[in-house]
Amino acid sequence: MNVEVERKFLCNADTLKTLEEIGAVCVGQRQFHDQYFDTPGFDLTLRDLWLRKRKGCWELKCPTTGANGTEETSGEQSEANALCTRYMEITNLPEIQLRVKEVIKEDTDSETAKEISSEEDESWLSKMNLVCFAEFTTVRQSFTLEEEMVQIDLDQADFGYNVGEIEVLVSEGGDVQSALEKIERTAQKLGLTGHQQVEGKMHIYLKRNHPEHYAKLLSEHIL
């Protein structure tokens with residue numbers, strides 16, 4: 001299972017030119033539709049767990065700890081760490097259902113809990129009181145920078161927000177610090193400045209469409 005180490009950045013009219021200048025190669029463009037699910041009480045997202053359905057496939061994004069299970073201490077490392085996110089992505093449906101069940105088990109009766117892990121249809125959503133709270137379509141252009149082994153995505157969401165992502169995949173238990181360094185070098189090549197995380201698509205979507213949900217996530221330091 002891989003860990004996605006990622007830094008978001010604001011892209012503009014000059015970004016494509018800059019990508020070409022630093023030797024990034026376009027590997028394609030695609031469009032996908034995302035639906036995100038949670039309980040009415042936000043049991044998943046308040047634990048920084050993001051359950052989504054993308055192109056007919058289920059994914060659960062779970063936060064990880066510091067690099068190799070430890071927190072970085074130096075100033076530069078801490079800054080690089082603060083600008084990036086690290087999530088493990090689970091794509092196996094029975095495992096997703098099990099993880100979700102563990103979080104909301106107090107709201108799931110024992111008979112339903114026994115059935116959930118083997119269910120392949122979507123009736124498990126209603127049994128676990130999961131509802132769609134966000135839905136949007138993204139057009140994504142993807143680039144690779146071979147020398148750093150990073151992927152750079154430029155996303156255009158249908159609600160009017162554009163954002164870029166520098167991403168490195170690390171095997172579970174792998175060298176996250178090395179990934180952070182690759183992302184930092186790539187950011188420098190792109191001329192990125194600033195010392196605060198850039199808001200992702202979900203930040204903006206919730207802020208505009210579900211301010212109460214957004215406020216709760218802010219108060220719990222999830223966003």
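Guide: A residue counts as buried when its relative accessible area is under 20%. The model discussed here is predicted. With 11% relative accessibility, Glu 59 therefore counts as buried. The side chain of Glu 59 meets that of Arg 52 in a salt bridge, at 2.5 Å from N to O. Arg 52 is likewise classed as buried, because its relative accessibility is 7%.

A further salt bridge joins Arg 54 to Asp 34, and their closest N and O atoms are 2.6 Å apart. Arg 54 belongs to strand E3 (residues 50-54) and Asp 34 to strand E2 (residues 25-38), so this pair ties together parts that are 20 residues apart in sequence. Both partners are buried: Arg 54 has a relative accessibility of 10%, and Asp 34 has one of 0%.

Glu 6 and Lys 8 also form a salt bridge, with 2.6 Å between the closest N and O atoms. Glu 6 is buried, at 6% relative accessibility. Glu 6 is also one of the residues in contact with Ile 166, as are Val 5 and Arg 7. Ile 166 and Val 5 are among the residues with the most contacts inside the largest nonpolar core, which has 21 residues. Strand E1 (2-9) and strand E8 (161-171) are among the elements that give two or more residues to this core, while helix H6 provides its largest share, five residues.

Beyond these pairs, Arg 140, Asp 153, Asp 155, Glu 165 and Lys 201 are linked in a network of salt bridges. The count of salt bridges comes to 19.

Methods. Residues are numbered from 1 along each chain as its sequence is written. This is a predicted model: local features need pLDDT of at least 70, side-chain atom pairs count only at pLDDT 80 or more; totals for chains, interfaces and linings use all residues. Side-chain values use heavy atoms; hydrogens and water are left out. A nonpolar core is a set of buried Ala, Val, Leu, Ile, Met, Phe, Trp, Tyr and Cys residues joined through side-chain atoms within 4.5 Å. Buried means under 20% relative accessible area, exposed over 50%, partly exposed in between (1.4 Å probe, protein chains only). Helices (H or I, at least four residues) and strands (E, at least two) are DSSP runs, numbered from the N terminus. Contact means heavy atoms within 4.5 Å. A salt bridge is a side-chain nitrogen of Lys or Arg within 4 Å of a carboxyl oxygen of Asp or Glu. Lists of a residue's contacts leave out its neighbours within four places in sequence.
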